[in-house]
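The points follow in numbered order, beginning with a question about strand pairing.

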2 protein chains.
Amino acid sequence: MIAALAGGVGGARLSRGLAALLGDHLSVIVNTGDDFEHLGLPISPDLDTVTYTLAGRANPETGWGVAGDTWNFMAQLRDLGGPDWFLLGDRDLATHLLRREWLSRGDSLTQVTHRLAQRYGIASRILPMSDDIVRTRVQTKEGLLDFQDYFVRRRCDVVISDLQFDGASSARVPVAVAGAIAEAKAIVFCPSNPYVSIDPILAVGDMHAHLMAARAPRVAVSPIIGGAAVKGPAAKMMRELGHASSSLTVAEKYRGLLHGLVIDNADAPLAPAIEACGMAVLITDTLMRNAEDSERLAATVLRFAESLPIDG
Amino acid sequence: MIAALAGGVGGARLSRGLAALLGDHLSVIVNTGDDFEHLGLPISPDLDTVTYTLAGRANPETGWGVAGDTWNFMAQLRDLGGPDWFLLGDRDLATHLLRREWLSRGDSLTQVTHRLAQRYGIASRILPMSDDIVRTRVQTKEGLLDFQDYFVRRRCDVVISDLQFDGASSARVPVAVAGAIAEAKAIVFCPSNPYVSIDPILAVGDMHAHLMAARAPRVAVSPIIGGAAVKGPAAKMMRELGHASSSLTVAEKYRGLLHGLVIDNADAPLAPAIEACGMAVLITDTLMRNAEDSERLAATVLRFAESLPIDG
């Protein structure tokens with residue numbers, strides 16, 4: 001059994017590679033700090049990105065939503081003067097309406113996510129980081145913004161100074177997540193944004209303690225390649241928070257938590273400094289352009305994890 | 001000012017003719033007994049049929065939904081094993097989600113319906129019969145069925161013995177409806193199903209008293225032509241409830257309430273019997289195949305109403 005921690009696109013892409021190799025021997029623990037309610041619908045962007053990606057249904061152009069989706073709902077909503085800053089595809093709506101229906105019956109987000117994954121034909125387990133509500137908020141000079149407000153409506157065009165995860169400390173780690181961590185032979189931090197994808201997961205209740213107690217190597221794949229993020233605002237956030245946009249910043253951030261970090265060939269010169277943070281380094285091609293890349297990187301990461309002495 | 005009472009397709013078609021003649025001098029009071037919640041969305045089939053028809057957006061093939069709508073949401077919902085017995089078009093969903101959003105903010109159905117009508121560019125006032133919940137249920141030999149269960153899921157394929165309008169007696173007539181009735185120079189009962197479109201309206205609180213107190217002629221257009229309903233189960237229901245499927249049954253049903261009944265040329269021989277029910281009769285072509293038919297019939301009905309002595 002392998003456990004992975006994932007947020008958005010990068011997380012979903014490595015998860016897809018891991019899922020191809022591991023099938024039902026993989027649990028992906030997914031950030032829900034980005035979740036919000038929109039038009040009365042419970043939207044879980046990262047859960048959906050992972051689900052659609054593992055189902056082979058993800059839209060490769062956008063990084064979110066369903067491939068080949070149509071926009072007639074949005075067109076009508078716009079005609080009616082409804083809120084059009086957050087895009088909901090016609091097919092994507094089925095996911096949100098079923099999630100709402102099942103949650104309103106009293107099912108947990110864990111149950112709902114599992115049922116959706118099953119219906120999408122996914123063998124791996126997709127697990128929300130918590131069934132309790134956690135909301136990522138971004139401190140900016142214009143004040144505190146809800147995450148989707150910052151990320152989608154404002155397209156990250158405002159400088160951030162801090163992040164907070166409202167509800168995280170009192171949120172509970174679901175039994176399924178605790179079990180996946182305890183059973184794992186390796187724990188993989190996917191190349192997701194450290195600040196808004198991985199940090200919210202680590203902030204949930206006693207998640208950090210569960211991870212530290214696991215008798216398994218913990219390895220991460222850096223989301224930074226040559227000082228830039230492949231997708232999303234990770235590099236920009238690093239700089240705004242006073243750090244270099246570098247895989248070394250990732251290593252410093254995860255110091256004490258990781259046994260190993262996988263970095264891209266472009267960042268090979270950083271290896272000694274990263275090792276000085278107390279973790280092993282593996283240098284490889286970390287860019288995932290397609291399913292083959294994802295699978296190759298996943299295999300490399302798993303071999304790397306296996307090679308690590310976990311008491312080291 | 002003219003007030004019309006309407007249910008589904010026949011009601012919407014005459015309303016369209018009246019709206020073309022009267023614009024903002026028309027209030028259409030619409031049945032909400034068919035309303036139900038589906039996938040967490042508040043569905044108001046008759047309000048939507050009237051709204052889409054008056055907006056020129058109705059689907060002429062189906063009698064419900066938006067013209068040219070697409071079905072990608074439904075395809076995905078079906079893939080996911082969701083409930084697919086009630087069809088929701090991609091564009092149609094925008095109406096339901098906005099309605100839900102506005103109702104959840106505390107707006108009344110009257111306010112929500114008015115705002116939707118405005119956004120669809122409709123000058124006439126569309127008024128739900130009540131802001132309180134009324135639910136039409138159908139007594140059958142298989143037990144009591146919710147209306148949409150009977151109408152959509154079962155396609156009316158079970159014999160009915162009675163109807164009930166749960167919540168109607170304690171439901172309140174909205175101020176806007178009471179005002180529209182009080183101000184009306186004529187009250188037009190559209191050619192809607194008497195049992196499941198008009199009866200629920202009449203059953204709301206003191207609606208009947210409001211109508212009887214109006215100093216205006218009350219005229220109906222029979223939904224039956226030559227013993228058959230143009231659309232829907234009205235004729236079938238008449239027979240199952242022990243009546244002839246005939247405009248005379250309509251007259252008997254509305255005895256004491258109507259000053260006049262408009263019947264089709266095909267039913268001319270019934271005129272003396274209908275007059276014996278205490279109402280004037282106008283014989284004309286009542287079939288509405290297109291917008292011109294609707295407008296011509298609307299003009300005929302308004303002239304007929306004007307001609308009637310309301311103390312007679």
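1. Which residue of β13(B) does B:Val219 stand opposite? The residue is B:Gly260. Bear in mind that the model is predicted. The two strands concerned are β10 of chain B, residues 218–221, and β13 of chain B, residues 260–264; they run parallel and are joined by three bridges.

2. Chain B has an open sheet of seven strands, paired in parallel, in the order β5-β2-β1-β9-β10-β13-β14. At its edges are β5 and β14 (280–284) of chain B, each of which pairs on one side only. From one strand to the next, the twist averages 20°.

3. Strand β2 of chain B, residues 26–30, runs parallel to β5(B) and is linked to it by four bridges. B:Val30 has B:Pro128 as its bridge partner in β5(B).

4. Are the faces of β5(B) covered or open? Both are covered: on one side B:Arg125 and B:Leu127 are buried, and on the other B:Ile126 and B:Pro128 are buried as well.

5. Helix α1 of chain B (residues 9–22) lies across β1 (2–6), β2, β9 (186–189) and β10 of chain B, and runs at about 165° to β1(B). Helix α2 of chain B (residues 45–54) packs on the sheet and touches β1, β2 and β5 of chain B, with its direction at about 175° to that of β5(B).

6. Turning to the interface, 20 residues of chain A are in contact with 20 residues of chain B. On the chain A side, the elements giving two or more residues are α3 (72–79) and α4 (92–104) of chain A. The largest share, seven residues, comes from α4(A). By class, this side of chain A has eight nonpolar, seven polar and five charged residues.

7. Lastly, the overall form of chain A. Chain A contains 13 helices and 14 strands, and its C-alpha trace spans about 60 × 40 × 40 Å along the principal axes. A compact globule of 312 residues would have a radius of gyration near 20 Å, so the 18 Å of chain A agrees with that expectation. Of the 312 residues, 51% count as buried. Among contacts in chain A with a separation of 6 or more, 66% are between residues 24 or more positions apart.

How values were computed
Residues numbered from 1 in each chain as written. Chains lettered and ligands numbered in written order. Predicted model: local features only at pLDDT ≥ 70, side-chain atom pairs only at ≥ 80, totals over all residues. Buried ≥ 20, exposed ≤ 12 C-beta atoms within 10 Å, placed from the backbone. Pairing = 2+ DSSP bridges. Contact = placed C-beta atoms within 7 Å. Nonpolar A, V, L, I, M, F, W, Y, C, P; charged D, E, K, R; others polar. Axes fitted to C-alpha atoms, helices over the stretch in contact; angles between N-to-C directions. Rg over C-alpha atoms; globule rule 2.2 N^0.38 Å.
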